[in-house]
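Please find below a colleague's note on the structure shown. The points proceed from the sheet to the disulfide and then to the nonpolar cores.

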Amino acid sequence: MPIDVTEASFAQEVIERSRQLPVVVDFWAEWCGPCRTLTPALEAAERERGGRVVLAKVDVDSNRALAARYGVQGIPAVKAFRDGRVAGEFVGAVPKAKVDELFDSLAPSRADELLAKGDELSLREAAELEPRRADIGVALAKARLERGADDDALAAVEPFEGDFAAEGIVARVHLAKRGIAAEAFATLDRGHREAALDALLAEIADADEETREDLRRAIVGILSELGSADPTGPKYRKRLSAALY
């Protein structure tokens with residue numbers, strides 16, 4: 001159920017609360033016909049997300065200074081807050097699809113929650129919910145690799161041709177089937193990324209063409225999962241290029 005917010009309670013109920021959960025604020029008035037049209041869609045969106053987003057309502061007639069502070073010139077005006085700041089907004093009685101789009105941009109999906117859990121059972125459910133997400137497929141493949149289920153890992157990522165991380169998993173499985181670079185990947189699984197990359201690069205020198213390509217894809221797959229600020233990426237991309245060419 002939505003909460004009624006006033007100028008006195010806005011800081012606590014919206015700004016501070018949004019640091020824990022996203023808050024969608026509906027600026028409305030009793031006399032506003034479009035506001036009454038929009039309300040059911042907002043309330044349904046809140047219910048459908050099971051407590052992951054809070055809906056708040058501000059009566060602009062009673063809270064004129066608050067409406068002015070946030071630049072409300074026409075109603076209904078909807079503003080979403082996350083981490084104390086406006087994270088999205090729209091004006092007018094928009095279709096439910098537009099309402100859902102705003103709410104979805106704020107709240108993690110069920111698949112996101114399952115992905116964060118990281119166990120194979122949760123990842124399988126996440127993949128069923130959102131089968132087109134390569135990041136879920138890669139996570140599921142890694143979980144299967146941990147228990148030695150290489151063919152099952154391959155099945156999890158084969159639909160994602162063109163995704164570097166997914167193709168890296170495919171290359172890893174191909175290499176494993178030929179008994180190549182097993183220790184390098186074991187090192188990677190123990191969390192020693194640079195040592196694993198060093199070992200994979202060392203394999204390239206005497207490899208045949210097919211193996212070199214799989215090693216390249218495996219290395220690129222590992223590097224693709226690094227953040228842009230991680231210096232490991234540029235360092236090893238340069239070394240990979242030197243090893244190949």
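1. Basis of the note. The model is predicted; local features need pLDDT of at least 70, side-chain atom pairs count only at pLDDT 80 or more, and totals for chains, interfaces and linings use all residues. Residues are numbered from 1 along each chain as its sequence is written, and side-chain values use heavy atoms, with hydrogens and water left out.

2. The sheet. Five strands make up an open sheet in the order β1-β3-β2-β4-β5, with mixed pairing. Because β1 (3-4) and β5 stand at the edges with a single partner strand each, one side of each has no neighbour in the sheet. Strands here, like helices, are DSSP runs numbered from the N terminus (strands: E, at least two residues; helices: H or I, at least four). Two strands pair if DSSP finds at least two bridges between them.

3. Strand pairs. Strands β2 (residues 23-28) and β3 (residues 54-59) run parallel and are joined by six bridges; W28 stands opposite D59 in β3. Strands β4 (residues 77-82) and β5 (residues 85-91) pair in the antiparallel sense, also over six bridges, and A80 stands opposite G88 in β5. A hairpin is formed by β4 and β5, with two residues between them; in its turn, D83 has a positive phi of about 55 degrees.

4. The helix across the sheet. Helix α2 (residues 33-48) lies across β2, β3, β4 and β5, and runs at about 155 degrees to β3. Such angles run from 0 to 180 degrees between N-to-C directions, the axes being lines fitted to C-alpha atoms, for helices over the stretch in contact. Contact means heavy atoms within 4.5 Å.

5. The disulfide. A search of the whole structure finds one disulfide (a pair of cysteine sulfur atoms within 2.5 Å). It links C32 and C35, with the sulfur atoms 2.4 Å apart. The link is right-handed, with 85 degrees about the S-S bond. Both C32 and C35 are buried (under 20% relative accessible area; exposed is over 50%, partly exposed in between; 1.4 Å probe, protein chains only).

6. The nonpolar cores. A nonpolar core is a set of buried Ala, Val, Leu, Ile, Met, Phe, Trp, Tyr and Cys residues joined through side-chain atoms within 4.5 Å. In the largest, of 21 residues, A181, L200, I204, L215, I219 and L240 touch the most other members. Helices α9 (164-177), α10 (182-189), α11 (193-204), α12 (209-224) and α13 (232-244) each supply at least two residues of this core, and α12 gives the most, with six. Apart from this core lies another, of 20 residues, including V14, V58, L66 and F81.
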